[in-house]
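Here are my notes for your first look at this protein. Keep the viewer open while you read, and check each point as you go.

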Amino acid sequence: MKLDLDARSPIPLYLQIVEQVRRLAATGEVGSGDRFLTVRELAAKTHVNRNTAARALAELNRRGLVRTRVGQGTFISEGPSPVAPKAREAALDAAIETLLVEAHTLGVPPEELGWKVQRKLEDFARARRDRQQAP
């Protein structure tokens with residue numbers, strides 16, 4: 001598992017960790033039930049303070065991305081955390097709205113945005129499929 005943090009980013013380090021773990025789980029680079037790092041391991045791997053690593057782990061737990069089993073460790077959760085359909089729809093709409101505003105701000109024509117999104121969807125599906133087929 002590779003986590004690259006940018007200390008110059010305005011995004012707090014613990015949130016960078018959370019977002020990268022979300023991406024790793026979504027692409028299948030880490031799978032359901034895989035053992036996750038301890039606070040000490042996470043801090044060492046990412047070169048952050050243990051408090052930052054603990055905060056990232058707490059946020060991952062809160063979001064349902066990992067589950068801690070007493071005496072056994074922390075593991076990637078089994079599948080996506082359940083979300084109410086209306087909340088899921090609202091979150092997806094907000095993400096799409098953000099994408100549209102960014103694309104408009106950058107001067108990306110709607111047609112180009114459409115094929116770029118389609119290509120990313122295909123890349124995402126291919127990466128998941130490849131990781132699931134890997135031994």
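1. A word to settle before we start: "buried" here means under 20% relative accessible area, "exposed" means over 50%, and "partly exposed" is what lies in between. With that in hand, look at helix α1, where Tyr14, Gln16, Ile17, Val18, Val21, Leu24 and Thr27 are buried. Please also bear in mind that you are looking at a predicted model.

2. Now step back to the whole chain. The protein has five helices and two strands, and reading along the sequence gives the pattern α-α-α-β-β-α-α. Its C-alpha trace spans about 50 × 35 × 30 Å along the principal axes. Out of 135 residues, 22% are buried. Of the contacts with a separation of 6 or more, 49% are between residues 24 or more positions apart.

3. Back to α1, which covers residues 13–27. Its 15 residues reach 21 Å from first C-alpha to last, close to the 21 Å expected at 1.5 Å a residue. What do the buried residues of α1 pack against? Their partners are α2 (39–46), α3 (50–62) and α5 (110–133).

4. Just after α4, Gly107 has a positive phi of about 80 degrees.

5. Next, the pair α2 and α3. Two packed helices are described by the angle between their axes and the distance between the axes. For α2 and α3, the angle is about 115 degrees and the axes are 8 Å apart. The crossing of these two helices is right-handed. On the α2 side, the contact is made by Val39, Arg40, Leu42 and Ala43, and on the α3 side by Arg50, Ala53, Ala54, Ala56 and Leu57. Sorted by type, the residues of this contact are seven nonpolar, no polar and two charged.

6. The loop between α2 and α3 holds His47. Its phi is near 60 degrees, a positive value in a residue other than glycine. Is His47 buried or exposed? His47 has a relative accessible area of 73%, so it passes the 50% cut-off and counts as exposed.

7. Time for the inside. In soluble globular proteins, nonpolar side chains tend to be buried together. The largest nonpolar core here has 18 residues, and those touching the most other members are Leu3, Ile17, Val21, Phe36, Leu42, Leu60 and Val66. Helices α1, α2 and α3 are the elements giving two or more residues to this core, and α1 gives the most, with five. Click on Phe36: setting aside residues up to four places away in sequence, Phe36 touches Met1, Val21, Glu41, Leu42, Leu57, Leu60, Val66, Thr74, Phe75 and Ile76.

8. Last stop, Asn61, which sits in helix α3. Because its relative accessible area is 24%, Asn61 falls between the 20% and 50% cut-offs and is partly exposed. Which residues does Asn61 contact, leaving aside neighbours within four places in sequence? They are Val66, Arg67 and Thr68. For a sense of distance, Asn61 and Arg128 are 67 residues apart in sequence and 23 Å apart in space, C-alpha to C-alpha.

Definitions and conventions. Residues are numbered from 1 along each chain as its sequence is written. This is a predicted model: local features need pLDDT of at least 70, side-chain atom pairs count only at pLDDT 80 or more; totals for chains, interfaces and linings use all residues. Side-chain values use heavy atoms; hydrogens and water are left out. Helices (H or I, at least four residues) and strands (E, at least two) are DSSP runs, numbered from the N terminus. The expected span of a helix is 1.5 Å times one less than its number of residues. Buried means under 20% relative accessible area, exposed over 50%, partly exposed in between (1.4 Å probe, protein chains only). Contact means heavy atoms within 4.5 Å. Axes are lines fitted to C-alpha atoms, for helices over the stretch in contact, and angles run from 0 to 180 degrees between N-to-C directions. A crossing is left-handed if the near helix is turned anticlockwise from the far one by less than a right angle, and right-handed if clockwise. Ala, Val, Leu, Ile, Met, Phe, Trp, Tyr, Cys and Pro count as nonpolar, Asp, Glu, Lys and Arg as charged, and the others, Gly among them, as polar. A nonpolar core is a set of buried Ala, Val, Leu, Ile, Met, Phe, Trp, Tyr and Cys residues joined through side-chain atoms within 4.5 Å.
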